[in-house]
Protein chains: 2
Amino acid sequence: MSDVHEVCGRFHAAIELIGTRWTGAILQALLTGHHRYGEIKAVIPGVSDTMLSARLRTLESEGLVERHVIPTSAVQVQYQLTEKGMDLAPVVAAVVTWAHKWIPVPVQSR
Amino acid sequence: MSDVHEVCGRFHAAIELIGTRWTGAILQALLTGHHRYGEIKAVIPGVSDTMLSARLRTLESEGLVERHVIPTSAVQVQYQLTEKGMDLAPVVAAVVTWAHKWIPVPVQSR
């Protein structure tokens, strides 16, 4: 019984981190090679700048994302998944598989 | 680009359904063989009756869970995953694997 509780606590924390509004979509954007703020925003219809910035900061503080400032002529900021973030790839893949089987294509993207 | 948007919309809907507070834990409870209301509640420390009932109703209306009334001497209610719900097993397994690697054991279960 205590094992069930322990599994539950960690699973629970994980699924709620990943399931927070927009977080899953941001992880998927990063996993599919979108690293600049504008690129990430472009592939997530409906996300506001406030939300996207807030979620990227949370993902940074949770150790899932690293923010890199690249000193080109115009300074460029890139967001990269850490090892902890990259390790979510199988979770995202499993959700994509399920969603493609069970969730209808949205009529209008959010 | 339109492909990215489509994938995103369905993935997005799926991850936010699964990630809603308590829903992941309830799915895990059902997947690990807890089918009666009291059993489900017992393996999810901290969940209130209001939340658990509300989430079970949502999972029913989303087609993930079926509620069966079993007419024994004392009427028994059981919650069973549908095929759509059972198909989430690989998602839950992937989250458990990730959580066991990256999420510390909670000091005090919620």
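**View 1. The buried residues of helix α4(B) in the predicted model.** Arg55(B), Leu56(B) and Leu59(B) are the buried residues of α4(B), where buried takes 20 or more other C-beta atoms within 10 Å of a residue's own, exposed takes 12 or fewer, and anything in between is partly exposed, with C-beta atoms placed from the backbone. They sit on the same side of α4(B), because they cover an arc of only 100 degrees around the axis (the arc is that of the directions from the helix axis to the C-beta atoms). Turn to the other side of α4(B) and you find Asp49(B), Thr50(B), Ala54(B), Arg57(B) and Ser61(B) exposed.

**View 2. What α4(B) packs against, and how it ends.** The partners of its buried residues are α2 (23-31), β1 (65-70) and β2 (76-81) of chain B; contact here takes C-beta atoms, placed from the backbone, within 7 Å of each other. Helices (H or I, at least four residues) and strands (E, at least two) are DSSP runs, numbered from the N terminus. Helix α4 of chain B spans residues 49-61, 13 residues, and reaches 18 Å from its first C-alpha to its last, close to the 18 Å expected at 1.5 Å a residue (that is, 1.5 Å times one less than the number of residues). Just after the helix comes Gly63(B), with a positive phi of about 80 degrees.

**View 3. The side of chain A that touches chain B.** Here 40 residues of chain A meet 40 residues of chain B. On the chain A side, the elements giving two or more residues are α1 (2-19), α2 (23-31) and α6 (89-102). The largest share, 15 residues, comes from α1(A). By class, this side of chain A has 24 nonpolar, nine polar and seven charged residues; Ala, Val, Leu, Ile, Met, Phe, Trp, Tyr, Cys and Pro count as nonpolar, Asp, Glu, Lys and Arg as charged, and the others, Gly among them, as polar.

**View 4. Confidence along chain A.** Mean pLDDT (the predictor's confidence in each residue, from 0 to 100) is 86 for chain A, with 88% of its residues at 70 or more. Over residues 1-7 of chain A, pLDDT is below 50.

**Notes.** Residues are numbered from 1 along each chain as its sequence is written, and chains are lettered from A and ligands numbered from 1 in the order in which they are written. In this predicted model, local features need pLDDT of at least 70 and side-chain atom pairs count only at pLDDT 80 or more, while totals for chains, interfaces and linings use all residues.

Terms used:
Contact = placed C-beta atoms within 7 Å.
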